[in-house]
Amino acid sequence: MPNVIVVGAQWGDEGKGKIVDVLSKKADVVARYQGGHNAGHTVVINDDKFILHIIPSGILYGDKICLVGNGVVFDPAAFIEEINGLKERGVIIGKNLLLSKNAHIIMPYHIVMDREKEKVLGEKSIGTTGRGIGPAYVDKMARVGLRAGDLLQPAVFKEKLSTNLSTVNFLLENLYKAPRFEIEDIYSTYMGYAEKLSEYITDTDIFINKMIADNKNILCEGAQGTLLDIDHGTYPFVTSSNPVAGGACIGLGISPVKISRILGVIKAYTTRVGSGPFPSELRDSLGKTFREKGGEYGATTGRPRRCGWLDMVILRHAAMINGFTGIALTKLDILDGIEKIRICTSYKYKESTFDVFPKELNILENCEPVYTELAGWKESTVGIKELKRLPKAAQTYIHTIEELLDVEVQLISTGRRRDELIVLKEQFA
């Protein structure tokens, strides 16, 4: 059976939530492999909107195993709130939700340190959501993090917490001039979380590999996108983990040889949220049109997204790093009614032309995009379910993307709803 990874090919917010939701219908396990609750996947079912932050969107089907892997960092309070919110809306959650013992915990001091550091940086801030994601990953790499499995061992949890607070409180009081944390306050609160989460915590790596051995369909989803990857993105304006396809193997404990397909999700234009370089950004009224028409506001934070033309330089980089076997193209309908559509094919910086993604931040911040212009279309594409019914100019746009990337477009989203989709190739054939 196929094991499929769904990867964002841009700066996140490509519409992965809908694609994962659609593919979940034929999956047995839907597994989240990295990131935290700063991400938000939006799924619309019969005009009913669900925004998921940590729990994979496969949970909405009721009969799928949804797994949160070791590569994820989670805030217990936010995780419990998400579970309760879904239950209140009639979603069944029980033994179908699994949380890795090795998933790292976001602690209250991570949130404070995240926000205080951004204040200190001022204009040079990264633009984090202030939810403690980065500091939690810092502690993970420093080998002082607390993990979900520690919640099941109170004495171990308290000892590790005590050790951490000696350093944390020193930094808070002396560097950030912020109040210190008391161990008993945190300990009692997190033991309360432990009671509510213990039924979900397990060895997810063992579970998922057994499912693979039993020929079950596995769907792996990440948060953010390739250009926000800590190693391969627009560093330092990136996230703190690896959203790329390779991150799925690490974040779930799956061998790379077990992966069958890697589906890259591409928005029909480009957006990014927060700070960082964005060569094809539109700073005029058209950029605002994309934002309002496409509802380009963060699903979790509500922050407005910056909008621009499709950028093939970053997409070629994403295709190379991830090894896409196919593309899911989303929000095609947002381009309806635009007379001329541009695609960025390269960058110019001083006397040089870049067809491949430059790693230097100063080049990305100061380069000029080179565009190819295509005819737009006036007809509505909303809800169309067959490629041949799309306007000819829209079909040309899709084929141009395929030619420039040398990757086949296999899914096309033509609206917000689950059923507004053109399926050209099944991922779980």
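Reply: Helices and strands here are DSSP runs, numbered from the N terminus: helices are H or I with at least four residues, strands are E with at least two. The model is predicted, so local features need pLDDT of at least 70 and side-chain atom pairs count only at pLDDT 80 or more, while totals for chains, interfaces and linings use all residues. Residues are numbered from 1 along each chain as its sequence is written, and side-chain values use heavy atoms, with hydrogens and water left out.

The part I pick is strand β2. It covers residues 29-32. It belongs to an open sheet of 10 strands with mixed pairing. The strand order is β9-β7-β5-β2-β10-β1-β11-β15-β19-β20. The edge strands are β9 (201-202) and β20 (421-423). Each has a single partner strand, so one side of each is left without a neighbour in the sheet.

What flanks β2? On one side of the order stands β5, on the other β10. Strands count as paired if DSSP finds at least two bridges between them. β2 and β10 (residues 218-221) run parallel and are joined by four bridges. β2 also pairs with β5 (residues 65-68) in the parallel sense, again over four bridges.

Ala-31 shows both partners. It stands opposite Cys-220 in β10 and opposite Leu-67 in β5. Arg-32 has Glu-221 of β10 as its bridge partner.

Now the faces. In a regular strand the side chains alternate between the two faces of the sheet. In β2, Val-29 and Ala-31 lie on one side, Val-30 and Arg-32 on the other. These four residues are all buried, so both faces are covered. Buried means under 20% relative accessible area, exposed over 50%, and partly exposed in between (1.4 Å probe, protein chains only).

Next, the stretches before and after β2 in sequence. Helix α1 (residues 16-24) is mostly covered, with eight of its nine residues buried. Among the buried ones are Lys-16, Lys-18, Ile-19, Asp-21 and Leu-23. Ile-45 sits in strand β3 (residues 41-45). Its relative accessible area is 17%, so it counts as buried. The C-alpha atoms of Ile-45 and Asp-21 are 9.7 Å apart, although 24 residues separate them along the chain. Beyond its neighbours within four places in sequence, Ile-45 is in contact (heavy atoms within 4.5 Å) with Phe-50, Leu-60 and Arg-418.

Past β10, the loop to α8 holds Pro-236. The peptide bond between Tyr-235 and Pro-236 is cis, with omega about 10°. Helix α8 (residues 245-252) is mostly covered too: six of its eight residues are buried. They are Ala-245, Gly-247, Ala-248, Cys-249, Gly-251 and Leu-252. Gly-253 follows α8, with a positive phi near 80°.

Helix pairs come next. Axes are lines fitted to C-alpha atoms, for helices over the stretch in contact, and angles run from 0 to 180 degrees between N-to-C directions. The axes of α5 (residues 154-174) and α6 (residues 183-197) come within 10 Å and cross at roughly 145°. By class, the contact has nine nonpolar, one polar and two charged residues. Nonpolar covers Ala, Val, Leu, Ile, Met, Phe, Trp, Tyr, Cys and Pro; charged covers Asp, Glu, Lys and Arg; the others, Gly among them, are polar.

The axes of α10 (residues 312-322) and α12 (residues 392-405) also come within 10 Å, crossing at roughly 55°. The two are therefore oblique to each other. Angles under 35 degrees count as roughly parallel, over 145 as roughly antiparallel, 65 to 115 as roughly perpendicular, and the rest as oblique. Met-312, Leu-315, Arg-316 and Ala-319 of α10 meet Ile-401, Leu-404 and Leu-405 of α12. That contact divides into six nonpolar, no polar and one charged residue.

Finally, two loop residues to check. Arg-143, in the loop between α4 (133-141) and α5, has a positive phi near 65°. Lys-177, in the loop between α5 and α6, has a positive phi near 55°. Arg-143 is exposed at 76% relative accessible area, and Lys-177 is exposed at 66%.
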